[in-house]
Amino acid sequence: MERNKGTSIIEKLSDFTIIDLETTGLDPKYDEIIEFGAIRVRDGIIVETFQQFVKPQNPIDEFITELTGITNDMLADAPSVEKALPYFISFVGTDKVVGHNVNFDINFVYDELLELTGKAFDNDYIDTLRMARKVLKELEHHRLSDLKAHYKIEATSHRSVDDCIATFEVYKLLWKDAESKSIDFTTHRVRNRLKASDILANGEPDENNPIYGKTVVFTGTLERMVRKDAMQIVANIGGINGDSVNKKTNILVLGNGDYSCILKDGKSSKHKKAERLISKGADLQIISEDVFFDMVEQ
């Protein structure tokens, strides 16, 4: 589904709203929101916070409880997402939105709002993950936990409002560092995402290759070639390129470089989704970039 979201920007704001969600997973199509969190900032000062648990359709498992600190008991009397979402949307209003890896949160909000009201969530947004990758290139990873450690921000829980407050501190410190390093964000552009449907096969397929007939999805940065060229190899062999991990996926290829821009807590959403499907018996392999190239060269 193509989302007509707001524009990804990088601006130094004094008035904005920071958002963070807790969910049962990383895929808006399959997973559910279990907590909304937001803080409203005016003149660079936090003036109001918003927190609301959401009762999912299915009980959450121990993994999610361990990750978020949220239990089924805490959600027992919470409203459904249909009742909770309008309050969250009202709190955010028309503000520009700030968040860490905020595309993740916006996608959940966008899909729920579109399904419930037919309206798009189109607030412009600033992703502190994108900022951090440009300002703190020396860091190996740029998760919120990494930035909190780098800036010596006091550790708090993994709850939504706590993460909003941590993101607020990170946002201010990133701008301080950007200005001290004379970093210019005006060249920031959002790449057009490559789609599997853009890749068409050239030549005859190789029915003897282990990739033939398999649905292949890539995540992360490839070292040996750009992703488009690797996807072209898959198509030429007779494999099927996929944009996202689902029940039809047979192979997930992890790039040897940095994880993709949809990072959350150390693994890409594709990686985590694949692990969940494998645990449920899916015919799916998670392989490295090196193993992938060994397979296609057979």
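A salt bridge is a side-chain nitrogen of Lys or Arg within 4 Å of a carboxyl oxygen of Asp or Glu. This is a predicted model, where local features need pLDDT of at least 70, side-chain atom pairs count only at pLDDT 80 or more, and totals for chains, interfaces and linings use all residues. Residues are numbered from 1 along each chain as its sequence is written, and side-chain values use heavy atoms, leaving out hydrogens and water.

**Stop 1: a salt bridge.** Select D146 and R143. Their side chains meet in a salt bridge, 2.7 Å from N to O. D146 is buried at 19% relative accessible area. R143 is partly exposed at 26%. Buried means under 20% relative accessible area, exposed over 50%, and partly exposed in between (1.4 Å probe, protein chains only).

**Stop 2: two more pairs.** The structure holds nine salt bridges. Select E179 and K12. Their closest N and O atoms are 2.8 Å apart. E179 lies in helix 7 and K12 in the segment before strand 1, so the pair ties together parts that are 167 residues apart in sequence. Helices (H or I, at least four residues) and strands (E, at least two) are DSSP runs, numbered from the N terminus. Now select R40 and E48, which form a salt bridge at 2.5 Å, N to O. R40 counts as buried, at 18% relative accessibility. E48 is partly exposed, at 38%.

Stop 3: In what order do the five strands of the open sheet run? The order is 3-2-1-4-5, with mixed pairing. Two strands pair if DSSP finds at least two bridges between them. Strand 3 (45-53) and strand 5 (125-127) are the edges, each pairing on one side only. Next, select residues 33-42, which are strand 2. Strand 2 pairs with strand 3 in the antiparallel sense over eight bridges. Find V41: I46 in strand 3 stands opposite.

**Stop 4: the core.** Select F16, M131, Y171 and L174. These residues have the most contacts inside the largest nonpolar core, which has 28 residues. Such a core is a set of buried Ala, Val, Leu, Ile, Met, Phe, Trp, Tyr and Cys residues joined through side-chain atoms within 4.5 Å. Helix 7 supplies the largest share, nine residues.

**Stop 5: a buried loop residue.** Select N209, in the loop between helix 7 and strand 6 (215-219). N209 is buried, at 4% relative accessibility. The N209 side chain reaches the backbone oxygen of M295 at 3.3 Å.

Technical notes:
Polar contact = N/O pair within 3.5 Å; in protein donor to acceptor, adjacent residues only side chain to side chain.
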